[in-house]
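Student: I'd like to walk through this one with you, residue by residue. Can we start with the picture and then talk?

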Amino acid sequence: MSISLDTFLHRLAAVRARIAQACADAGRNPAEVALLPVTKYHPAEVVALVAAAGLAAVGENRVQEAIAKQAQAGVKVRWELIGHLQSNKARLAARHFDRIQSVGSIRLLDALDREAAAAGRILPVLLQINAGNDPAKSGAEPGEAPALLEHALGRTSLRIEGLMTIAPLSDDPLVARRTFASLREIRDALAARFGRPLPELSMGMTGDLAQAIAEGSTMVRVGSALFGERTDPLPNG
Ligand SMILES: *Cc1c(COP(=O)(O)O)cnc(C)c1O
């Protein structure tokens, strides 16, 4: 069951107020922080709510689920993949997503590059870095980031737009804050070393968006604050 447009607009206003407050606290311009509504585990109707509210993109974390919704949603939005991607789904992912945020291995870079070339497109990607050194999270380890980026920059059918991370689950807000600071530092070091700006820093979710904005996030990915708690018990990866 989907929520009403009215409920969605109220929650959207509340999330935007949180983003605005975090920006004010950090001395940042709210126009620098995009909001990506995460519609995973919610029905295709919520994608129509997103479009009705004038938002341009949604985040999904499973390829097959997103493809089914793309057929059902009946509205035009951009689709971003934020969940773990196996190389054997690269063909579908390269054809059905506008950007893939969860690229953490050379093997996956190669598979996506090959499939994007076969589809005749340049595929935008973010490199997922396990900046919180969380054994439960996927993504490249910080020490692997330079080699991953170097390889990525050699792929002619991929466009590397920045970095993404997920903070470890913790009751201590400092854990998330340190993770986000670390992703920004990794980005700054890579940008200097490779002479590429890597402008996108996708970091922050419902529970930790303020910490992410304080550390330079350019995109917060928000699910439960907009659509309610998910019923699916699967972890985020
Ligand atoms: C589910 C998910 C989100 C959104 O999480 P909420 O806590 O519901 O806002 C953001 N990013 C990723 C990678 C996710 O899997």
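**A walk through the fold**

Student: Where is Leu 108 found?

Tutor: Look for helices and strands as DSSP runs, where a helix (H or I) has at least four residues and a strand (E) at least two, numbered from the N terminus. The run that covers residues 106-118 holds Leu 108, and that is helix H5.

Student: Before we go on, what sort of model is this?

Tutor: Residues are numbered from 1 along each chain as its sequence is written, and side-chain values use heavy atoms, with hydrogens and water left out. Local features need pLDDT of at least 70, side-chain atom pairs count only at pLDDT 80 or more, and totals for chains, interfaces and linings use all residues, since the model is predicted.

Student: Is Leu 108 buried or exposed?

Tutor: Buried means under 20% relative accessible area, exposed over 50%, and partly exposed in between, using a 1.4 Å probe and protein chains only. Leu 108 has 4% relative accessibility, so the label is buried.

Student: Which residues is Leu 108 in contact with, leaving aside neighbours within four places in sequence?

Tutor: Contact here means heavy atoms within 4.5 Å. With the neighbours within four places set aside, the list for Leu 108 reads Leu 85, Gln 86, Ser 87, Ser 102 and Val 103.

Student: Now Glu 161: what does its side chain make a polar contact with?

Tutor: Glu 161 sits in strand S6, residues 158-164, and counts as buried because its relative accessibility is 18%. A polar contact is a pair of N or O atoms within 3.5 Å; within protein, one must be able to donate a hydrogen and the other to accept it, and residues adjacent in sequence count only if both atoms are side-chain atoms. At 2.8 Å, the partner is the side chain of Arg 99.

Student: What is the phi of Tyr 41, about?

Tutor: Tyr 41 is another loop residue, placed between strand S1 (34-37) and helix H2 (45-52). Its relative accessible area is 15%, so Tyr 41 is buried. Again this is a positive phi in a residue that isn't glycine, at about 70°.

Student: How far apart are the C-alpha atoms of Ala 34 and Ile 19?

Tutor: Ala 34 belongs to strand S1 and is partly exposed, at 32% relative accessible area. Apart from neighbours within four places in sequence, Ala 34 touches Thr 218, Met 219 and Val 220. Ile 19 is 15 residues away along the chain, and the C-alpha separation is 9.3 Å.

Student: Stepping back, what is the radius of gyration of the protein?

Tutor: The protein has 9 helices and 8 strands. The globule rule, 2.2 Å times the number of residues to the power 0.38, goes with a radius taken over C-alpha atoms. For 237 residues that rule gives 18 Å, and the protein comes close to it, so it is as compact as a globular protein of that length, with a radius of gyration of 17 Å.
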